[in-house]
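Okay, shall we get going?

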Amino acid sequence: MPFRPCGKIQKHHDALQVQVDGWTLGTLVIAAADVPKLLNGRVVDVQFVQERPGREVFIGYAGSAALSRSGKAVNIRLESRFMTVPRKAVEAVVEGKRKSARVSSPAPIIDADRVQREAIDAG
């Protein structure tokens with residue numbers, strides 16, 4: 001299955017900041033206390049943080065992160081979106097060996113039969 005880049009993960013203090021194309025609700029974060037839990041196989045929350053001038057910081061639930069079945073990737077679910085990052089890349093970011101790791105999502109699946117039935121000048 002082909003994947004396409006859709007963002008990156010960076011270390012922010014001891015937490016992981018997840019930047020995803022098209023996400024506008026705030027900064028996505030995996031809490032510092034949850035990073036070791038994630039790498040040890042637990043499902044952890046991905047939070048979004050909104051900082052508004054003159055108001056308290058708002059933290060809300062955005063999705064979850066967990067290791068893949070094989071343990072070789074970190075899978076992130078935000079609403080209906082699914083993304084993945086190689087586990088070794090995440091570990092390198094956590095250890096400070098890499099500045100960031102690329103987040104990828106599966107390419108959309110095209111229904112070839114439906115496309116073939118469309119008129120040649122459709123779209």
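Let me start with a question: in the hairpin of β1 and β2, which residue takes a positive phi? That would be H13, with phi near 60°, in a hairpin that has two residues between the strands.

Before I go on, some housekeeping. This is a predicted model, so local features need pLDDT of at least 70 and side-chain atom pairs count only at pLDDT 80 or more, while totals for chains, interfaces and linings use all residues. Residues are numbered from 1 along each chain as its sequence is written, and side-chain values use heavy atoms, with hydrogens and water left out.

The order from the N terminus is β-β-β-α-β-β-β-β-α-β-α. Of the 123 residues, 37% count as buried, where buried is under 20% relative accessible area, exposed is over 50% and partly exposed is in between, with a 1.4 Å probe and protein chains only. If you take contacts between residues at least 6 apart in sequence, 35% of them join residues at least 24 apart; contact here is heavy atoms within 4.5 Å.

Strand β1 (residues 3–12) and β2 run antiparallel, joined by six bridges, and for two strands to pair DSSP has to find at least two bridges between them. One of those partners is L16 in β2, bridged to K11. On the β3 side, L16 stands opposite I30. Strand β3 (residues 27–30) is antiparallel to β2 as well, with three bridges. The hairpin of β2 and β3 has six residues between the strands, and there G22 takes a positive phi near 85°. So how enclosed is β2? Five of the six residues of β2 (residues 15–20) are buried, so the strand is largely enclosed by the rest of the structure.

Q10 is buried, at 16% relative accessible area. The Q10 side chain makes a polar contact with the side chain of Q19, at 3.3 Å. By polar contact I mean a pair of N or O atoms within 3.5 Å; within protein, one must be able to donate a hydrogen and the other to accept it, and residues adjacent in sequence count only if both atoms are side-chain atoms. Leaving out residues up to four places away in sequence, Q10 also touches others, including V93, K99 and S100.

On to the core. The largest nonpolar core has 27 residues, and those with the most contacts inside it are I9, L28, I30, A65, I76 and L78. A nonpolar core is a set of buried Ala, Val, Leu, Ile, Met, Phe, Trp, Tyr and Cys residues joined through side-chain atoms within 4.5 Å. Take A65: beyond four places in sequence, its contacts include I30, L38, V46, V74 and I76. R42 is on that list too, and R42 sits in the loop between α1 (34–39) and β4. The C-alpha atoms of R42 and A66 are 6.3 Å apart, across 24 residues of chain.

L78, also from that core list, stands opposite R81 in β7. Strands β6 (residues 73–78) and β7 (residues 81–86) are antiparallel with six bridges, and in their hairpin E79 takes a positive phi near 50°.

Which residues of helix α2 are buried? In α2 (residues 87–94) they are A89, V90, A92 and V93. Down the axis they fall within an arc of 160°, so they line one face of the helix; the arc is that of the directions from the helix axis to the C-beta atoms. They pack against β1, β2, α1, β6, β7 and β8 (100–106).

Last bit, the aromatics. Rings of Phe, Tyr and Trp (its six-membered ring) pair if their centres lie within 6.5 Å, with planes under 30 degrees apart stacked, over 60 edge-to-face and the rest tilted. That gives two aromatic pairs. F48 and F58 have ring centres 5.9 Å apart and planes at 50°, so that pair is tilted. F48 is in β4 (residues 44–50) and F58 in β5 (residues 58–67), so the pair ties together parts 10 residues apart in sequence. F48 is buried at 10%, whereas F58 is partly exposed at 39%. Together with W23, they form one aromatic cluster.

Definitions and conventions:
Helix = DSSP H or I, 4+ residues; strand = E, 2+ residues; numbered from the N terminus.
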